[in-house]
Amino acid sequence: MTVPSGEIHSVIQDALSTQKHPTVTVLSSLLAIQDRIGYLPDEAIEETASFMRTSVNDVWGVASFYKNFRFELPATHIVEVCWGPTCSLLGATKVIQKIQSLLGISGEGDTPDRRATLRYNTCLGACAQAPVVSIDHDLKGRVDSERVAAEIHDIFNDKV
Amino acid sequence: MSSKVNLTIDGVDVKADAGANILQAAIDAGLYVPYLCYYPGMKSFGACRMCVVEVEGVRGSPASCTTPVAEGMVVNTNSSDVRDLRKGVMDLLISEHPHGCLNCHRIDLCGPSDICLRHVSVTDRCVTCPKNERCELKDTVRYLEMDLDTPLTYNNRHLPQAVDDPLWEMDLNLCIVCGRCVRACDEIRGDNALTFTDRAGRSLIGTSQGTSLLESGCEFCGACIDVCPTGALVEREHKWDKAVKSVPSICPHCPVGCRMNLEVDKRDRLIRSTPDIHSQSNKGQVCFKGKFGLDFVNNKKRLRKPLVKVKGVHKETSLDEAINYTAEMLSGKTGDKFGVLASPRGTNEDNYLAQKFARVAMGTNNINVSSSLRPELFSVMGDMLGYQAGTNRIWDLESSGAILVVSSNVTEAQNVVAIPVKRAVKSGSNLVVIDQRETELTRFATIWLRPKPGSETVLIGGMIRVIIDESLDDHQMLSETCKNVDQLKNSLWNLDLIKVESITGIASSEIQSAARMLATSSTSAFLYALETLTPNARKSCVEALVNMALVTGNVGKPSTGLYPLFGGANEQGSRDVGCVPDFLPGYRSVNDFEARNSFQEIWQVDLPEKPGYSLNQLENAIRSKKITSLQIIGDSPNFTNGEIGDFINALELLDFLVVHSTFENELTRRADVVLPSATFADKEGTYTNMERRVQILNPVLGPKGDEETDWWIISQIANRMGAKGFSYTSSEEVFQEICDSVHVYKGISYDRLKNDGIQWPCLEEGDSGTPTLYEGGWGDQRPRLSPIEVLDSPDDLSGTDYPLVLAKGRVLHQDQRPAGVSLKDKRNVISRDEVVEMNSLDARNLGITEGERVEIISSSRQRLSGLVQFTGSHKGVVYTTALFGEIVTELDQSTDPDPILKLEELPLVAVRVEKTSS
């Protein structure tokens with residue numbers, strides 16, 4: 001979600017001060033901010049540093065360690081494709097090609113209009129349903145090019 | 001005493017402290033175990049696995065740096081299994097490090113100009129690494145006797161070199177991620193300017209979001225460079241130069257007196273300084289001044305020949321002629337119209353002879369040190385306690401339970417002192433800072449008090465009142481030891497908290513908590529520079545601080561005490577040897593008949609009785625023709641920065657001016673004779689640091705021109721004037737005379753100073769010095785309390801044209817105000833809008849609204865612009881805080897031969913604030 005730049009500090013401070021868990025750490029603070037606004041802008045690192053009374057560099061050490069933290073505004077929808085061994089054997093490559101041609105991108109990443117982002121995943125944990133894609137954390141099993149095309153179509157019509 | 005543990009390492013019986021690790025025990029026993037991530041003085045990290053050993057009865061190969069010693073343990077550090085394991089570990093390590101240089105079979109055979117016979121690419125050759133020939137990684141590889149079958153290919157990270165920042169360079173392609181730099185910055189310096197970035201195979205060192213060090217909170221102390229085992233972190237200046245020798249000496253930039261090893265190349269230039277890890281004064285640390293500010297000794301602009309003014313024009317002449325001329329001119333000018341200003345960078349020997357020359361040859365007490373702006377810091381301590389010196393060791397601050405810092409910018413002025421303070425805070429001690437300016441230590445403060453300018457003494461008095469009222473004082477100290485207790489108590493009745501609150505503008509609850517913090521801790525220390533106080537207010541403020549230390553019983557114990565923070569590197573020593581207008585060597589008053597008599601016997605002349613002029617009186621004395629000739633040794637920023645008035649222009653009125661100088665400057669331009677003066681790196685001598693530690697300087701560079709040590713020049717002038725007692729053949733001989741006449745130096749000699757310094761009083765040959773003054777009791781000299789003096793009308797800094805007072809601060813980093821680093825002339829510079837904090841009433845009077853851009857114009861016509869923010873600031877005071885990175889950029893780009901000397905301090909100044917018409 002987009003936060004107007006004038007409000008970013010207050011939104012982050014609110015996220016920091018209303019953490020649910022009793023043990024507040026750098027990690028919990030970063031997670032709280034990402035849960036609230038979807039990513040960690042520069043301000044998140046600075047605010048967390050002064051909130052936790054540590055240095056921005058220490059906060060960055062934690063933030064950059066975890067793959068789950070994003071430092072750029074995420075796109076509206078996230079499409080993840082599993083390319084683990086089972087999914088690959090059952091046609092994940094074709095699915096990926098289809099998605100890429102529909103989204104108009106090559107490789108991983110955001111579409112130019114930031115409507116959707118494509119990520120490869122080494123295992124989505126549902127090999128019995130291979131090939132698997134996940135759209136906005138919603139798993140779809142036994143997909144093929146046509147089904148994926150329909151799902152992507154829904155995104156662009158804002159049905160999802 | 002910690003208990004000892006017996007163990008066997010490689011068949012050698014070793015005794016180690018319980019709790020020590022095997023690696024430390026081995027190092028202490030003189031056994032070598034290779035290591036890369038471990039570093040003496042830092043916590044073990046266990047990352048590099050190079051120090052693996054075998055312990056009998058223990059499975060696997062534990063890292064010796066993380067395994068504690070145990071009774072009866074049997075350790076093998078060099079079995080073939082361990083050796084193989086280490087080689088395997090090293091193979092992995094260097095799979096990401098260019099290693100054509102590391103395991104080359106020609107490593108001992110190649111000369112610098114030989115062509116590389118190894119088939120490595122041009123960019124991987126050993127000569128392309130700045131640490132070539134002084135690389136710990138290479139030494140380790142050689143120790144491991146790696147086979148030559150290691151493939152020369154490696155995973156090159158292809159990362160760009162970081163070369164945009166001032167003073168240092170980083171090449172992450174050479175980094176082995178041992179983490180020493182990250183840990184040194186965090187554990188030792190408390191800065192956290194570096195961190196590990198990313199994870200697993202991609203992990204490296206860096207800063208938050210890869211920003212410049214200028215905005216990561218770096219203090220450019222170079223601690224990361226000193227611990228780096230590879231060529232990843234290096235100094236930019238003399239990056240490629242190879243040292244031919246390394247000489248230990250003392251830094252001339254501040255009174256901490258850091259001992260460092262100074263490296264010299266074959267062209268006899270000082271190319272690098274590395275702090276001495278065994279030194280008691282700095283424990284392996286230095287600051288930006290000691291690390292990057294010594295290049296002035298190599299400067300081509302250095303004066304190598306004497307200059308004599310003939311018909312208004314300087315002419316080069318021989319040293320002999322210049323000395324003859326000076327002696328001839330000065331012969332007719334003896335008496336109180338002459339004066340000598342010695343240099344704070346002068347050694348004890350230089351300055352002892354400077355005062356002896358003034359007193360014996362010229363018959364005047366007009367002798368001073370040009371850095372002696374705040375003599376009250378010392379003199380009050382002499383009056384109240386006995387010795388005119390700081391009472392405790394610098395590094396004892398690390399274990400102080402509470403610390404009070406008054407009006408001191410320690411990070412810039414006495415940098416290394418801030419390290420034990422920050423470490424104490426990190427381990428849970430309380431820090432109270434009294435300062436109008438935001439400085440690095442205010443960021444670490446438990447309580448930061450910002451009193452109205454000039455109300456510091458009242459604030460401290462109020463704190464003492466709280467301590468007495470709540471009965472938190474040291475009853476025994478007050479009832480049995482101190483004199484004048486009633487006088488102090490009576491003066492406190494004036495200072496009820498409501499009154500203190502209204503004078504200082506600080507809430508009484510804050511004053512109470514600060515006072516309780518300092519009084520209830522078993523060890524409290526007091527640091528003060530009083531940079532923001534007017535000269536009239538300083539005396540009473542030091543008195544108040546000494547009172548507080550005595551009342552809370554914090555004198556005469558380790559980790560307590562008073563630390564006056566003055567400016568000059570050897571200001572303490574200069575005062576010890578008598579470079580003071582009212583004291584003979586050893587703090588014996590010039591008014592004291594007996595003292596004069598004893599020196600008259602040694603020196604065989606009649607000594608003048610009238611005290612000389614203080615530094616602050618000097619300009620007026622010159623203007624009123626009470627001083628007509630001067631001898632000035634060394635440059636000082638105080639001549640031109642207005643601290644002692646318009647001194648530099650007053651010099652035009654003199655009949656005769658002799659200047660000893662290293663460079664031509666404003667001062668030499670006005671001089672009739674300029675004598676080329678040797679720098680700290682050219683001479684032998686001693687400095688006494690702020691903890692009374694006498695340390696020895698060694699000549700690092702060889703002679704190049706006619707420049708000479710100041711003591712030699714002075715003795716020659718005196719000899720040619722026919723004065724008695726100036727024939728010395730070496731600085732050691734001068735030091736002998738100092739030890740004979742200054743009783744606290746009696747047991748010190750050059751021989752005893754070879755290994756490390758000695759803290760005076762050192763009364764006899766076998767005396768190991770005195771880390772803590774007054775620890776052995778007070779004897780007849782009981783400490784004297786002093787009533788709190790509240791000035792009726794404190795000096796008002798502001799005037800009609802400049803009605804406000806500006807308190808400009810400087811910090812390493814501000815979390816929420818990025819530095820806005822941008823590239824200018826291929827170098828990073830800070831370019832951000834400053835914030836000007838103002839009282840809303842002041843602003844309203846000027847028609848200024850919040851967020852508006854204003855310009856601050858000071859009485860010395862300096863300008864500064866920023867955006868206004870209304871805060872709870874006192875009426876009449878405006879605040880602004882700059883980033884430390886600014887002065888580093890300035891130093892880096894300065895064309896001045898000795899820019900450290902000209903560093904701008906942060907006094908309070910009178911200003912007016914104007915709206916910027918846009």
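**A pair of strands and their sheet**

Start by selecting B:Leu341 and B:Asn368: B:Leu341 stands opposite B:Asn368, which belongs to β15 of chain B. This is a predicted model. Next, select residues 338–342 of chain B, strand β14, which is joined to β15(B) by three bridges, the two strands running parallel.

Now extend the selection to the whole sheet. It is open, has seven strands in the order β13-β12-β25-β24-β23-β14-β15 (chain B), and its pairing is mixed. At the edges are β13 (313–316) and β15 (367–369) of chain B; each has a single partner strand, so one side of each has no neighbour in the sheet. On average, neighbouring strands of this sheet are turned by 20° against each other, direction ignored.

**Helices across the sheet**

Select residues 319–331 of chain B. This is helix α7, lying across β12 (307–310), β14, β23 (629–633), β24 (656–661) and β25 (673–676) of chain B, at about 135° to β25(B). Then take residues 710–720 of chain B, helix α24, which lies across β23, β24 and β25 of chain B and runs at about 150° to β23(B).

**Nonpolar cores**

Select B:Leu431, B:Leu527, B:Leu562 and B:Phe680, the residues with the most contacts inside the largest nonpolar core, which has 110 residues. Helix α18 (residues 535–551) of chain B supplies the largest share of this core, ten residues. Apart from this core lies another, of 57 residues, including B:Ile633, B:Val658, B:Ile714 and B:Ile758.

Finish on B:Leu527: which residues does B:Leu527 touch, not counting those up to four places away in sequence? Among them are B:Leu397, B:Ile403, B:Val417, B:Tyr563 and B:Leu565.

Definitions and conventions: Residues numbered from 1 in each chain as written. Chains lettered and ligands numbered in written order. Predicted model: local features only at pLDDT ≥ 70, side-chain atom pairs only at ≥ 80, totals over all residues. Heavy atoms only, no water. Pairing = 2+ DSSP bridges. Helix = DSSP H or I, 4+ residues; strand = E, 2+ residues; numbered from the N terminus. Axes fitted to C-alpha atoms, helices over the stretch in contact; angles between N-to-C directions. Contact = heavy atoms within 4.5 Å. Core = buried A, V, L, I, M, F, W, Y, C linked by side-chain atoms within 4.5 Å. Buried < 20%, exposed > 50% of the residue type's maximum accessible area, 1.4 Å probe, protein only.
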